[in-house]
Every structure is written in structure tokens, then in C-alpha cells.
Amino acid sequence: MSQDTIESILQEKRLFQPPAEFSEKAQIKSLEEYKQLYDRAKADPQAFWGELAEKELHWFQKWDTVLDWQPPFAKWFVNGKINISYNCLDRHLTTWRKNKAALIWEGEPGDSRTLTYSQLHREVCQMANAIKKLGVQKGDRVGIYMPMIPEAAIAMLACARIGAIHSVVFGGFSAEALRDRLNDGQAKLVITADGGFRKDAIVGLKEQVDKALANGAAPSVTDVLVIQRTKQQIHMEAGRDRWWHDLQKEASADCPAEPMDSEDMLFILYTSGSTGKPKGVVHTTGGYNLYSHITTKWIFDLQDTDVYWCTADVGWITGHSYIVYGHLSNGATTLMYEGAPRNSNPGCFWDVIEKYGVNIFYTAPTAIRSFMKMGEHHPKARNLSSLRLLGTVGEPINPEAWMWYHRIIGNSKCPIVDTWWQTETGGIMITPLPGAIATKPGSATLPFPGIVADVVDQDGATVTNESGGYLVIKHPWPGMMRTLYGDPDRFRRTYWEYLRPKNGDYLYFAGDGAHKDKDGYFWVMGRVDDVISVAGHRLGTMEIESALVSHPAVAEAAVVGKPDEIKGEEIVAFVTLDSAYTSSPQLEKELKQHVVSEIGAIARPGEIRFTDALPKTRSGKIMRRLLRSLAAGQEVTGDTSTLEDRTVLDKLRGGA
């Protein structure tokens with residue numbers, strides 16, 4: 001983000017107060033109430049979180065200690081016994097919510113299902129019993145590779161119910177990416193579907209699972225459970241693959257929830273890093289349950305009659321926390337949609353809002369920019385009057401998109417919660433509370449109660465307002481990641497030792513830069529490490545570079561992000577070729593497809609630039625800062641004295 005853009009953002013004068021009629025009925029009704037909560041949480045965080053845990057959740061056994069903090073490792077609600085599946089389902093069955101819609105599902109072709117809490121509980125218990133029959137026990141890892149259908153949520157809740165650890169892999173990832181994640185977690189079972197519908201095409205998920213498991217490439221996997229969705233012809237491996245509809249017929253609907261230790265692992269979710277290997281982020285049970293629950297309740301201002309829709313995929317943390325666990329724990333009605341805006345139906349999102357009377361809508365800035373490009377006539381042709389709250393997630397939103405969202409989708413009456421958080425944080429960290437905090441277009445505003453956020457310099461010292469720096473969290477919180485699966489040293493180095501103040505304190509830092517304005521509002525500026533955010537999906541540059549170099553034509557590759565008005569960033573790859581190959585449009589096309597095969601379509605480079613050499617320092621480090629400027633069409637500025645060969649930069653400029 002250029003300095004001019006930053007200065008423009010920090011001059012933002014528009015301020016939108018919460019509508020009075022919204023605040024009157026809100027969970028948190030005023031700025032004063034927010035400040036009281038925030039100050040109380042900061043003064044005595046253990047009392048604050050302990051009171052909420054006791055009030056908001058069901059525990060089989062109360063904890064001994066709220067927090068055991070051995071920096072950078074935390075344990076929350078030590079020795080407490082809990083089950084998140086019980087909190088999401090069983091406790092609602094003794095109330096009027098038993099027959100309330102828990103999950104509304106709309107398929108891309110137009111088919112739909114609605115599951116009440118009672119019906120969802122029944123199907124979760126059946127799947128839990130089915131996977132137990134396949135030999136899955138407490139502590140085993142289960143890979144979930146699914147389309148956006150109810151069984152994706154059912155599989156997650158079934159694993160949590162029996163103490164199995166789920167690892168959901170986004171259905172857009174390739175067989176190779178799936179295999180790597182299954183092997184890292186040593187998954188015993190894979191739950192998948194024959195396929196799913198996406199933009200009027202069938203995505204062959206089972207076919208990718210077969211490729212991932214071929215020739216014993218993922219030896220820990222002993223069984224594959226397949227949900228029938230598209231009904232296309234697929235291969236079923238004898239002795240390994242089983243149809244869910246066959247097992248469901250025999251499965252009992254009685255499966256008591258396993259009392260889990262608060263610190264028992266709940267799930268592993270892989271996120272890209274600045275090195276090639278994806279990071280297996282570990283979340284545990286009690287703290288994550290509380291944090292996803294209370295952030296959902298206060299930030300989305302849940303009311304009993306709300307229909308809530310988050311457009312994310314369950315393969316990402318947003319789907320975990322704010323489609324499945326946070327909302328079902330609160331007894332809310334959550335909506336899942338299998339499809340996406342496409343040429344045959346560019347207004348499908350607005351159709352869903354109109355059809356189900358959606359009240360709360362949570363989507364990504366990338367989607368909003370796409371809607372803007374499609375034209376406002378699509379939403380204006382639908383009745384969106386049911387909406388009362390809007391949200392954004394995944395990346396910073398530019399003020400222009402914020403204003404369009406506010407005016408066209410919210411009819412200038414819906415508060416917008418612009419939320420900053422990450423896979424690693426488990427839940428939203430910086431956000432307006434919609435009944436309490438005035439909003440500015442493009443700002444995530446203020447930290448959630450209990451979150452001590454700051455902007456610091458390289459030495460960990462707080463910078464002045466209106467100065468930029470590193471966005472950090474200074475105190476542990478219940479939803480925080482506990483470690484990286486199988487790699488506690490990498491966890492410590494990556495998140496807690498990048499910035500170390502002179503006093504030796506540990507600061508949580510996961511790669512985002514930020515500014516605070518004169519009012520103390522946070523403006524998140526995006527990544528400062530080698531991670532690209534494409535349409536809100538974090539992709540490690542090293543992972544893409546490794547995929548390119550695995551092609552025989554490629555000798556070396558460097559990948560950077562280029563600003564894109566729709567996706568936020570586009571992938572640009574600078575590639576040097578093996579001497580036996582020459583550049584051509586056909587080779588460029590082949591390399592792009594090779595990346596898709598290795599990682600998935602979301603990692604496809606938008607542009608590949610062939611070059612004889614890459615700009616490097618005398619120590620051999622690629623100067624990606626220079627490549628980012630070249631990719632964006634900007635003048636290369638700053639110190640270039642460490643360049644080993646200045647002619648490389650001149651040649652790249654000439655070809656840019």
C-alpha cells in the first residue's frame with residue numbers, strides 16, 4: 001500500500017454513528033458500555049473470561065484455573081471438562097430452540113434443506129457413530145474435504161462429539177495440497193463427497209481424494225467416507241471407501257458427547273506461511289468454544305429471530321467460527337450456500353437474501369468489489385429490506401467499497417462490522433460492536449473487549465497515533481492458537497519472537513501492518529511478510545515458488561503480489577528457465593496450470609514474466625521489494641546498493 005494511499009485513508013472524515021433504533025435493542029448498547037467492558041477485561045482478564053465461560057457455556061466439570069500462561073504457551077480453563085458439539089446442539093434441545101431452524105442450506109442448482117436443532121443433533125450423532133464404527137477414536141485426526149453442504153458441518157460436529165480432531169481442507173485445493181495436509185496431520189479417515197457444484201460445473205472431489213491417496217501416498221488413511229451429492233460416476237475402492245447413505249441407515253441416533261478436557265485439541269487448520277510448508281494451526285476446545293461464541297453474540301448482535309449468512313467456505317477459519325461453531329453455540333439460525341455469483345446468475349446472493357429473509361450478511365471485500373463491477377441493478381432488483389447488519393472479513397476493505405456496501409446493500413441504514421482477525425486468532429479481534437461504536441469507512445475501529453492490541457515498531461515499542469508499524473496483541477485470549485501441529489519451535493519463532501521488546505515481553509505478531517488514527521481507530525494495511533492475500537485467501541509465496549520450480553522448465557522463481565482492484569492482490573511470478581527451454585505463451589499457460597495442479601485454482605498466477613536472472617543481494621537473497629514495485633508498474637525506489645548485478649534490474653525494467 002503506497003504512502004499516498006495510507007495518508008488518504010488516515011484523513012477519512014466520514015463517521016457513521018450506530019442508528020438509535022439499532023442500539024436500543026443491541027447486545028452492547030453504547031460506547032460507554034463498550035468502554036466499561038473493555039476496561040474491566042483489561043484490568044482483570046481472568047475474572048472477565050471466567051465469568052463469561054460460566055455464564056455462556058455448559059461445562060461437565062468446572063476448571064481449576066482460568067489461565068496458565070507460560071509464554072508463549074497458554075492453557076485456558078485448566079482441567080475444565082466440556083464438549084463443543086454438546087454446546088452447539090444438546091443444550092438447545094431442552095429449550096424452545098429444539099424445533100428452531102439451526103441450519104438452512106441452499107444448493108447451487110436450487111435444491112435446499114432446513115435442519116432444526118433436533119434434526120441436526122440426530123444426524124451428527126449418526127455420523128459420530130458411523131465414524132466410530134470405522135475405527136476412529138478420541139485423538140485421531142480426520143480429514144474433511146467437502147463442498148458447502150450440510151454434511152460438512154455435520155462431519156465437524158461429529159468429530160468434535162467423540163473427541164476426534166478434524167482437519168478441514170478447502171475443496172478448491174488440489175490432490176497434492178490435500179495429500180500434504182493429510183500426511184502432516186496423519187489423518188486416519190477422510191470424509192468427502194462424490195463432488196460439488198461450483199459456478200455451474202461439477203467439482204470432482206472424490207477424484208482428487210483418489211489422487212491424493214494413490215500408491216500409498218497418504219499411508220495413515222485407512223478409510224474414506226463418501227457423501228453422495230452430484231451422483232456422477234466415481235471410483236469406490238473396495239475395503240476403503242464407503243457411502244454415507246449406506247452407513248447412516250445402520251447408525252444409531254444416540255451418541256453421548258464425550259467430556260473433553262478444555263485443552264484437548266479440537267481441530268487443525270492449515271494456513272500458508274512465508275516458507276513452503278503450510279502451517280497446521282492448532283485450536284483447542286474450551287477457549288475456542290467461548291471465544292467463537294461470545295464474539296458471535298456481541299459482534300453480530302444476535303437476536304433469536306435472526307437468519308445469519310456468512311458466505312465463506314467451511315474450509316477456512318471463517319467457516320469454522322462464524323458458520324458452524326459460534327452461531328450454533330448461540331442457538332442461532334445459520335445459512336450455508338453451495339454456490340457463488342456466476343455468469344448464469346450474477347444476482348444469486350441477493351436471491352438467497354430475499355428468499356430466506358437474511359438479517360445479517362457477512363462477506364469479503366473481494367466479493368463486494370465484484371458486486372460493484374457487476375452493477376447495482378442486480379441488488380436493486382431484489383428485496384433486501386430484511387437486512388439489519390452487514391459485515392466484512394478476510395482483508396482490509398477500501399473506503400469506496402465500504403460506502404457502496406453501506407449505500408446499495410444496506411440501504412444506508414445497516415451498521416457495518418469491518419472485522420480483523422486470522423486463522424491463528426480463532427475469532428475476531430478488532431471490530432466495531434454495531435450498537436456501540438461509530439464506524440469509519442475502511443477502519444476495523446477498536447479491539448474486542450479482552451483484546452489488548454497495539455501498533456509497535458521493530459523494537460516492540462508503541463508508536464504514536466497516525467504512525468505506522470506492526471499490529472500486535474499484548475495479552476493472551478481464549479481463542480488463540482495453541483501451537484503449530486508437531487512444530488512448537490516454529491510456533492514460537494513465527495508468532496512470538498519476530499518482535500521482542502527490550503523488556504523481554506512476548507508479543508503476538510502474525511504479519512500485518514497497521515496505523516492508528518488520532519481517535520485510536522485501527523487501520524489494517526495488510527501483510528508485511530511474504531504472504532499474498534488473493535480474494536481474502538492467504539497464500540505463501542514460497543509455496544507457489546516451490547510449485548513453479550517443480551516444473552522441469554523452471555530453474556528459479558520469485559512470486560510477489562500486485563494490487564488488484566477486485567481481488568486485492570494478484571499473483572505475479574518472475575521465472576528464469578532451464579537452458580533447454582525458451583519462453584512462449586504456451587509455456588506460460590502450462591506453468592499456470594502446473595501451479596493449479598500443485599496447489600489449486602486460487603494459486604493460479606495472473607501473470608508470469610520470464611527473465612534471464614532475478615535481482616539478488618550479494619548474499620544471494622532475492623530482492624522481492626524491487627519485484628513488487630516492478631509488478632505494480634511503480635518506480636523502483638529505496639536502497640539498491642546491495643544488488644549483486646544492477647543490470648538485472650535494468651533488464652527487468654525494460655521488459656516490464
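In what order do the 3 strands of the open sheet with S28 stand? The order is S28-S29-S30, and the pairing in this sheet is mixed. The structure is a predicted model.

- S28 and strand S29 (residues 568-577) run antiparallel and are joined by 10 bridges.
- Across from Glu556 stands Thr576, a residue of S29.
- Helix H20 (residues 624-631) packs on the sheet and touches S28, S29 and S30.
- The direction of H20 makes about 55° with that of S28.
- Strands of a sheet pair through backbone hydrogen bonds, in either a parallel or an antiparallel way.

**The sheet of 7 strands**

- Another open sheet has 7 strands in the order S5-S4-S17-S16-S18-S19-S20, and its pairing is mixed.
- Its edge strands are strand S5 (112-116) and strand S20 (416-418), each of which pairs on one side only.
- From one strand to the next, the twist averages 15°.
- Strand S16 (residues 307-310) and strand S18 (residues 360-363) run parallel, with 3 bridges joining them.
- Trp309 stands opposite Phe361, which belongs to S18.

**Helix H4 and its two helix partners**

- Helix H4 (residues 45-56) and helix H11 (residues 285-299) have axes that come within 11 Å and cross at roughly 85°.
- Because of that angle, H4 counts as roughly perpendicular to H11.
- On the H4 side, the contact is made by Phe48, Trp49, Leu52, Ala53 and Glu56.
- On the H11 side, Leu290, Tyr291, His293, Ile294, Lys297 and Trp298 take part.
- By class, the residues in the contact of H4 with H11 are 8 nonpolar, 1 polar and 2 charged.
- H4 also packs with H3, at an angle of about 115° and with the axes 5 Å apart.
- In that contact, Leu37, Arg40, Ala41, Lys42 and Ala43 of H3 meet Pro45, Phe48 and Glu51 of H4.
- The contact of H3 with H4 holds 5 nonpolar, no polar and 3 charged residues.
- Phe48 of H4 takes part in the contact with H11 and in the contact with H3.

**The second largest pocket**

- The second largest pocket holds about 420 Å³ of space.
- It is lined by 26 residues, and the closest to its centre are Leu31, Tyr34, Lys35, Leu446 and Asp519.
- Helix H3 (31-43) and strand S21 (453-456) each supply at least two residues of the lining.
- H3 gives the most to the lining, with 6 residues.
- The lining is made up of 13 nonpolar, 5 polar and 8 charged residues.

**Backbone points in two loops**

- The peptide bond from Pro71 to Pro72 is cis, and its omega is near 5°.
- Pro72 is in the loop between strand S1 (65-70) and strand S2 (73-78).
- Asn79 has a phi near 70°, which is a positive value in a residue other than glycine.
- Asn79 is placed in the loop between S2 and strand S3 (81-82).

**Asn345**

- Where is Asn345 found? Asn345 is in the loop between strand S17 (333-337) and helix H13 (348-356).
- S17 is also one of the strands of the sheet of 7 strands.
- Asn345 and Lys199 are 146 residues apart in sequence, while their C-alpha atoms are 8.9 Å apart in space.
- With neighbours within four places in sequence left aside, Asn345 is in contact with Asp351 and Arg382.

Notes
Residues are numbered from 1 along each chain as its sequence is written. This is a predicted model: local features need pLDDT of at least 70, side-chain atom pairs count only at pLDDT 80 or more; totals for chains, interfaces and linings use all residues. Side-chain values use heavy atoms; hydrogens and water are left out. Axes are lines fitted to C-alpha atoms, for helices over the stretch in contact, and angles run from 0 to 180 degrees between N-to-C directions. Helices (H or I, at least four residues) and strands (E, at least two) are DSSP runs, numbered from the N terminus. Angles under 35 degrees count as roughly parallel, over 145 as roughly antiparallel, 65 to 115 as roughly perpendicular and the rest as oblique. Contact means heavy atoms within 4.5 Å. Ala, Val, Leu, Ile, Met, Phe, Trp, Tyr, Cys and Pro count as nonpolar, Asp, Glu, Lys and Arg as charged, and the others, Gly among them, as polar. On a 1 Å grid over the protein atoms alone, a cavity is a set of points where a 1.4 Å probe fits but cannot get out, and a pocket is an open set with protein on both sides within 12 Å along at least five of seven lines; lining residues have an atom within 4 Å of a point. Grid points are joined across faces, edges and corners, and a volume is the space filled by probe spheres set on the points. Two strands pair if DSSP finds at least two bridges between them.
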